[in-house]
Amino acid sequence: MLLIKLATKSLLNRKASALLTLFTIAISVMLLMSIERVRVDAKSSFSNTISGTDLIVGARTGDIQLLLSSVFRIGHANNGVSWKSYQYISGQQGVKWAIPMSLGDSHRGLAVLGTNKDYFEHYRFAKKQSLSFSQGHEFNHLFEVVLGAEVASSLGYQLGDEVVIAHGMGNTSFHNHDDNPFKVVGILKPTGTPVDKTLHIPLAAIEAIHGGHAHQHEAVQADANDHDHDPDHDQHDDVDLVGTPKQITAFLLGFDSPLYTLQVRRNINQYKDEALLAIMPGVTLRELWEMLSIVEKILLLFSIVVVLISLLGMLTSLLSSLNQRRRELAILRSVGARPWHIFTLISVESLLITGLGCIVGIALFYALMLLGADYLQSHAGISLNIALLSSYELMLLAAIMVAGFIVGLIPATRAYFYSLADGMSIKI
């Protein structure tokens, strides 16, 4: 206890350099904890880009290709799913809900998704969070569009604006449907998922703008014109927003019980009328993350390097102060301190600096998590888990403490030999 008290007073006597070293360690601990927490939660959030969906069904292709095209809007589906197959499968026992998805059109390089109202009710992201509106509401009429948060912010759209859809995905669109503009009726809150970069329109509108049923298109267009003069018509559900398309890109399925998932998946993969593939999104997302595991390794390496740099900074500070403290060490020897007392004193100082740096670093870590949680969720789709430190994170802190102790042994050993060489003399 006497040595701890002496080490504390010694650090207070050199508070400028001690505080600088402590702050350096605190920053490194904060970065290590933050990077580790973001790394773990990024993996979890990536796996939950789509959650609450039991199966994704599309034309037979690779699991990852189907996931990328239907969820991330990356690439193109080689074939579609017939409407007949969709109706048959969605009517199977145990199916709680089904969401048809039709892709292939775009607006200024952003994906346009044709779907039904169940999309806004049952689609989940992150930890089963539902979609919600920052402005407006879901589409109620054929030529209405709901924008993702990033679409609205990047293109400056507001409620009531008109949007023209183009045929073709991304920058390869080659025909604008200028005769059928869509009215913006809703803007979704940010999710940090591909939903933010998507324009959502009724499934029937996909068929209408491509000349599927001219008479139906004219009737619905007339209804839309009546709607412009009747604000109360927003709540009417008499407009067919699904239609009977020949085929769709893919569809999502949710079941009453997980017991149905494997059974229906097997039946779909063995479906004789059409070559279909059913994937479990959670499993496929984890497979995709494994392919990107190099990102995890880089983040972990970066955090380790940051901690090592801070510990080397502490070593440099302690070593540089030794020559200035030889008078102090000689005085301690003159009042009866033995060389091992000197060794222990310097070791305790390094432990105190490392321990206090960890405590301050943890406080800064939680402050950073609280401040950045909303931003990471809305802009990067990372749902941070602001909870107590995990056992792995506690192990990291213990490793830092051990590393700090080992680093402190170097100046402690030099001080030990200084005290042996100096005896009770004073060298200036």
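Predicted model: local features only at pLDDT ≥ 70, side-chain atom pairs only at ≥ 80, totals over all residues.
The protein has 428 residues, and 48% of them count as buried. Its secondary structure comprises 14 helices and 16 strands. Among contacts with a separation of 6 or more, 79% join residues 24 or more positions apart. The accessible surface comes to about 21000 Å². Carbon and sulfur atoms account for 61% of that surface.

Aromatic side chains were examined next. The structure holds 9 aromatic pairs. One of them joins Tyr88 and Tyr271. The partners come from distant parts of the chain, 183 residues apart. Tyr88 belongs to helix H4, which spans residues 83–90. Tyr271 sits in the loop between helix H9 (259–269) and strand S16 (276–279). Tyr88 has 48% relative accessibility and counts as partly exposed, whereas Tyr271, at 15%, is buried. Elsewhere, a single aromatic cluster is formed by Tyr119, Phe120, Tyr123, Phe133 and Phe139.

Helix H4 also contributes buried residues. These are Trp83, Ser85, Tyr86 and Ile89. The four cover an arc of only 160° around the axis, so they lie on the same side of H4.

The relative accessible area of Thr198 is 0%, so the residue counts as buried. Which residues is Thr198 in contact with, leaving aside neighbours within four places in sequence? They are Arg73, Ala111, Leu113, Val146, Leu147, Gly148 and Val151.

The surface was considered last. A nonpolar patch is formed there by Met291, Leu292, Ile294, Val295, Ile298 and Leu299. Together these residues have about 540 Å² of accessible area. Helix H11, residues 293–322, gives the most to the patch, with 4 residues. Ile294 is placed in helix H11.

Note on methods. Residues numbered from 1 in each chain as written. Heavy atoms only, no water. Phe/Tyr/Trp six-rings, centres within 6.5 Å; stacked < 30°, edge-to-face > 60°. Helix = DSSP H or I, 4+ residues; strand = E, 2+ residues; numbered from the N terminus. Buried < 20%, exposed > 50% of the residue type's maximum accessible area, 1.4 Å probe, protein only. Arc of directions from axis to C-beta. Contact = heavy atoms within 4.5 Å. Patch = residues over 30% accessible without salt bridge, like charges linked within 9 Å, V, L, I, M, F, W, Y side chains within 5 Å. Areas by Shrake-Rupley, 256 points an atom, 1.4 Å probe, with all protein chains shown as cover. Salt bridge = Lys/Arg side-chain N within 4 Å of Asp/Glu carboxyl O.
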